[in-house]
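Dear colleague,

Please find the structure below, handed over for your review. My notes on helix packing and the ligand site follow it.

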Amino acid sequence: MVGAGPVGLLLTALLQSMDGVSVRLYEKRREYTRTRMVQLAPYLMADSVETYRADAIDGDSVEAIFDPSELERGLAFRQSIPSELSALLKSWALGFCPLNSIEQSLSDLIDARGPDGVERMADVVTAKDAIAMLQPGDVLIDSTGSRSLLRDQLVLGADDVDGANTVHVRLEYALVITFLYGQPYDCNESCKYYKNIENAHYKFIPMVHRTHFDGSVSHVTGIVNISAAEFEAMPSRVDGEWLRSNFPGVAESMDRFIDKVKEETHGEILGDLEVVRIPLDLYRARNATNRQWLAATSSEHPFATSPVFLAGDSAIGSPYFQSISLGFECAMFLAGLIAQPDLPLQVMLDRYELYIYKQWLRVYMRSKMIKHNKDLFESLDDPLALLDKLHIY
Ligand SMILES: Cc1cc2nc3c(=O)[nH]c(=O)nc-3n(C[C@H](O)[C@H](O)[C@H](O)COP(=O)(O)OP(=O)(O)OC[C@H]3O[C@@H](n4cnc5c(N)ncnc54)[C@H](O)[C@@H]3O)c2cc1C
């Protein structure tokens, strides 16, 4: 396994408790220090098909895309997860959670179980190293994140051409503005509308959730749509002061929204605002395994004999707070496949590819729907502009 981010660590923890499997886990970072907060989807901890499909936006898509037996198998695997690991997953799903706690607790859990079955290597692995290390009987998993080490190597004849194995959709450019608020606070669609009523442009669209450790602190992450030119003109990370001096229009919108929250709930912002500018992209690997290599005739290349899988952001990436949950979902599925040693290799690869494709359909439709809803929301006060964005029949 190359990459001990959240997905590589979860997969390692799942494989560690399986008979007959030993893991060598490579990670280039010496310690876990990431500061961002993430949110896990409640469906990760679902205990029935109904709760798995409870999501307001994609419940119907899940029913349309997945067979009931598939969902049942996924739930059965979830229920077999060792209790200490499943307790961690449940606690993270309570609210926004520091990514660092997820990584550190998984890492500690793997270490606490003892050295049997997992060997950890603090090293940067190159694609060449990974290929050279691969021996018959090994499974190579690339969980190195969005700039995947091996994604482009999985296409035969592409000679590692950048993007050769990637479908990429840019949804928008956004400023992600994050702060902690010292009162319980929640926001539905009416609240988003009324708190933005004076913001003709740069509507501040919040994602609000309690923090996982304290019900009285709310974590607010607001997304503000910006143009490509504005994106280019900004450093990647700024604070509230910088934003107020350099992009007063965006800052006024944000401040108006925050003032209304304070008026209503009488709280204060805890600490600083954090402002990050990011392109909101959706992407997937066309091949999430080395099936092309394995199908090709007699090659000496190690990819022609041993399976390779992409997991987590290596395989699929999405915006709007979904990506880590998707990565965990795929990690559980892959662990479920590896737990069946009698499964023929071809079947294993086909099942993983199909599963990744179905998850892609689900997240693609969900993300396009969110983006479409956001676009409509921007024009709510202008019926003609709103109608322009609607295709009713
Ligand atoms: C600002 C921001 C906010 C986000 N908020 C959310 C959110 O609220 N909800 C959500 O679901 N997702 C969120 N995400 C996305 C989420 O962080 C990722 O989906 C998640 O981290 C992906 O996990 P991963 O393990 O697949 O990859 P990564 O977290 O990228 O981990 C990859 C690991 O591989 C290691 N590595 C890479 N290359 C090598 C190499 N050559 N050799 C050895 N090691 C290597 C890296 O050091 C890293 O530890 C956010 C992302 C950003 C940027």
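Predicted model: local features only at pLDDT ≥ 70, side-chain atom pairs only at ≥ 80, totals over all residues.

Residues are numbered from 1 along each chain as its sequence is written, and side-chain values use heavy atoms, with hydrogens and water left out.

Helix packing

Helices are DSSP runs (H or I, at least four residues) numbered from the N terminus. H1 and helix H13 (residues 323-338) have axes 9 Å apart and pack at an angle of about 30°; the axes are lines fitted to C-alpha atoms over the stretch in contact, and angles run from 0 to 180 degrees between N-to-C directions. H1 is therefore roughly parallel to H13 (angles under 35 degrees; over 145 counts as roughly antiparallel). On the H1 side, the contact (heavy atoms within 4.5 Å) includes Pro6, Val7 and Leu10, and on the H13 side it includes Ile324, Gly327 and Phe328. Its residues divide into 13 nonpolar, one polar and no charged; Ala, Val, Leu, Ile, Met, Phe, Trp, Tyr, Cys and Pro count as nonpolar, Asp, Glu, Lys and Arg as charged, and the others, Gly among them, as polar.

H1 (residues 6-16) also packs with helix H6 (residues 99-112), where the axes come within 9 Å and cross at roughly 25°. This crossing is left-handed. Pro6 and Leu10 take part on the H1 side, among others.

H13 in turn packs with helix H14 (residues 345-378) at an angle of about 165°, the axes being 11 Å apart. The two are therefore roughly antiparallel, and the crossing is right-handed. Among the residues in contact are Glu329 and Phe333 of H13, with Arg351 and Tyr355 of H14. By class, there are 11 nonpolar, one polar and three charged residues.

Ligand site

Of the 28 residues around the ligand, Glu27, Arg29, Arg34, Val125 and Ile324 come nearest (a residue counts if one of its heavy atoms lies within 4 Å). A backbone N or O atom of isoleucine 324 is 2.8 Å from a ligand oxygen atom. For aspartate 313, a polar backbone atom is 2.9 Å from an oxygen atom of the ligand.

Yours sincerely

How values were computed:
Left-handed = near helix turned anticlockwise from the far one by under 90°. Polar contact = N/O pair within 3.5 Å; in protein donor to acceptor, adjacent residues only side chain to side chain. Parallel < 35°, antiparallel > 145°, perpendicular 65-115°, else oblique.
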